[in-house]
Amino acid sequence: MTPSRDISRLLEIMAALRTPVTGCPWDLEQNFATIAPYTVEEAYEVVDAIARDDFDDLRDELGDLLLQVVYHAQMAEERNAFAFGDVVEAITRKMIRRHPHVFADRDGNIEPAGVKSAWERIKAEEKAERAARRSPQAVEHKSLLSSVKAGQPALTRAMELQRKASTVGFDWNDPRAVLHKIREEADEIEAALDRGDAEELAAETGDLLFALVNLARHVGADPEAALRGTNAKFERRFGYIERALEAKGRSLENATLAEMDALWNEAKAVERSSDYNNVPLRMSAATPK
């Protein structure tokens, strides 16, 4: 098996990985549900490469994302549901249909303002056609929340669900009321800890996250952006701990929690100082307080 620019080689590799007995044991154990988190992760990594303007990484990350599509298509083919070619045909049909001003056999062009309205009209038609293909039992109740897209990141979708519900008055009027709800959810987690129920703990943790998103919405913060900022802050401060220990000939493995906690607090103090921009230069002199 050799690398190739031809998509058929990737399909062959995926099929080989999923072949019973001779395939990869890990790949053979996977299913749609277990692979889905990797699909989301790869999409985020594509976005990250774009944000960093790193085209080498973008090429590789797009390949990883393409692998996810191929993986799902292979598993679907094993169930005789559809194959990769069907995925390609479906998206090509959709793009041709949604761009009649480019591909249809008709004269004239659509102005830019008209492209979006045509796109939305055709999407609505496609949605109606999909609904018509479903059995009566599969038709979902038409909810106020139905327009909130299911494929969004969980934090973003929580925000959109809350916003939509707020349009009919289902909302708190005071951020402090949301804060009270957060404390209530934290108490429920503590009670679940006492009972040692893993499923209940997971559910209560989800409730707490949903309440925190609600607080972010009420104070005008984007929860995704806020969490990204906190992630970056955590990385900076943890990096401070690593460099400070290294400067003293120590490692993370032989440092105590008390030492690392003291360095964490020192990193916080340095960040608050006016010369934070010089932190990388001052790390060698860092000592725990």
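Begin by selecting Leu208, which lies in helix α10 (residues 198-218); helices (H or I, at least four residues) are DSSP runs, as are strands (E, at least two), numbered from the N terminus. This is a predicted model, in which local features need pLDDT of at least 70 and side-chain atom pairs count only at pLDDT 80 or more, whereas totals for chains, interfaces and linings use all residues. Residues are numbered from 1 along each chain as its sequence is written, and side-chain values use heavy atoms, with hydrogens and water left out.

Leaving aside neighbours within four places in sequence, Leu208 is in contact with Ile182, Glu185, Ala186 and Ile189 (contact means heavy atoms within 4.5 Å).

Now move to helix α3, residues 32-51. At its start, a side-chain oxygen of Asn31 comes to within 3.0 Å of the backbone nitrogen of Ala33.

Select Ile35, Glu42, Val46 and Ala49, which are buried in α3 (under 20% relative accessible area, with exposed over 50% and partly exposed in between; 1.4 Å probe, protein chains only). These residues cover an arc of only 65 degrees around the axis, which puts them on the same side of α3; the arc is that of the directions from the helix axis to the C-beta atoms.

Turn to the face of α3 directed away from its buried side, where the exposed residues Ala33, Val47 and Ala51 are found. Finally, select Asp53, which follows α3 and has a positive phi, near 55 degrees.

Key. The expected span of a helix is 1.5 Å times one less than its number of residues. A polar contact is a pair of N or O atoms within 3.5 Å; within protein, one must be able to donate a hydrogen and the other to accept it, and residues adjacent in sequence count only if both atoms are side-chain atoms.
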